[in-house]
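Hello,

Here is the structure I promised to pass on. Please have a look at it first, and then read my notes below.

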Amino acid sequence: MAASQMTTTSFYGRSLLFPSTVEGTFKPSSFSHLGQFGGSLSSRNFRGLTVKAATVVAPKYTSLKPLGDRVLIKIKTVEEKTTGGILLPSSAQSKPQGGEVVAIGEGRTVGPNKVAVSVKTGAKVVYSKYAGTEVEFNGSNHLILKEDDIVGILDSDDVKDLKPLNDRVLIKVAEAEEKTAGGLLLTEASKDKPSIGTVVAVGPGPLDEEGKRKALSLSAGSTVMYSKYAGNDFKGTDGSDYIALRESDIMAVLS
């Protein structure tokens, strides 16, 4: 991560206080080990840097009921080994983006109508990477977030089976060009991230001012161009790249 990005990044870790959420400013010396990622780190880079921890709920509380359109998700355990059985160090273990819905709010009012939360308890879901608030509850890590931060429902282990929610669209990313126009073979590092792909599935659409679903204009099978840095990236079991993003991040349909 470039040093210039460190000024706006929040670091998450487990709090030693009980129960609490820690928030404070740390000196550059506290992060001296981050230099291994490249770039120079100065006091200017860390001005206003905030460190947050998961909120720990005391054992005396046995129930956590989300309000409004919020959802409580039990976070899927981080993979500690690769598919080949190689033990991963903590730094290489990817932050999970999936879990099981364990509680939902009563919904929200849109216009004259009361709209219930569309996901049900027990559903396996995928959510936006940096959404929500982490909570340690009943000895497990949870995330409480708004329904709109849930990308889709995933009943299998393959992202191609994702059922997008609301205005989100699942796209299979086109493969990057292997060669330049002049015929030179490109290395992995020099390949441009493609921003073209094929629509695999679409959500039911966003809510209008009266709380009714407005269908998306896209359909499965369409080839589209989308914003280069939008959405959430996923890797399929077959090695293919997928991205889930909002319809508003799609710029054009290609034919």
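Two residues count as being in contact when they have heavy atoms within 4.5 Å. With that in mind, and remembering that this is a predicted model, here is what turned up.

Let me begin with Glu210. Setting aside its neighbours within four places in sequence, Glu210 is in contact with Val110, Pro112 and Asn113. Lys114 is 96 residues away from Glu210 in sequence, yet the two C-alpha atoms are 9.4 Å apart in space. You will find Glu210 in the loop between E14 and strand E15, which covers 223-226.

Strand E14 itself spans residues 196-202, and Ile196 belongs to it. Ile196 is also partly exposed, with a relative accessible area of 30%. Together with Met225, Met251 and Leu254, Ile196 forms a nonpolar patch on the surface, and the four share about 310 Å² of accessible area.

Now for the protein as a whole. It has 18 strands and zero helices. Of its 255 residues, 35% are buried. The accessible surface comes to about 15600 Å², and carbon and sulfur atoms account for 52% of that. Taking contacts between residues at least 6 apart in sequence, 65% join residues at least 24 apart; the contacts of Glu210 with Val110, Pro112 and Asn113 make a handy place to start looking.

Best wishes

Notes. Residues are numbered from 1 along each chain as its sequence is written. This is a predicted model: local features need pLDDT of at least 70, side-chain atom pairs count only at pLDDT 80 or more; totals for chains, interfaces and linings use all residues. Side-chain values use heavy atoms; hydrogens and water are left out. Patches are made of residues with over 30% relative accessible area and no salt bridge: like charges are joined within 9 Å, nonpolar side chains (Val, Leu, Ile, Met, Phe, Trp, Tyr) within 5 Å. Accessible areas come from the Shrake-Rupley method with a 1.4 Å probe; for residues, only the protein chains shown count as cover. A salt bridge is a side-chain nitrogen of Lys or Arg within 4 Å of a carboxyl oxygen of Asp or Glu. Helices (H or I, at least four residues) and strands (E, at least two) are DSSP runs, numbered from the N terminus. Buried means under 20% relative accessible area, exposed over 50%, partly exposed in between (1.4 Å probe, protein chains only).
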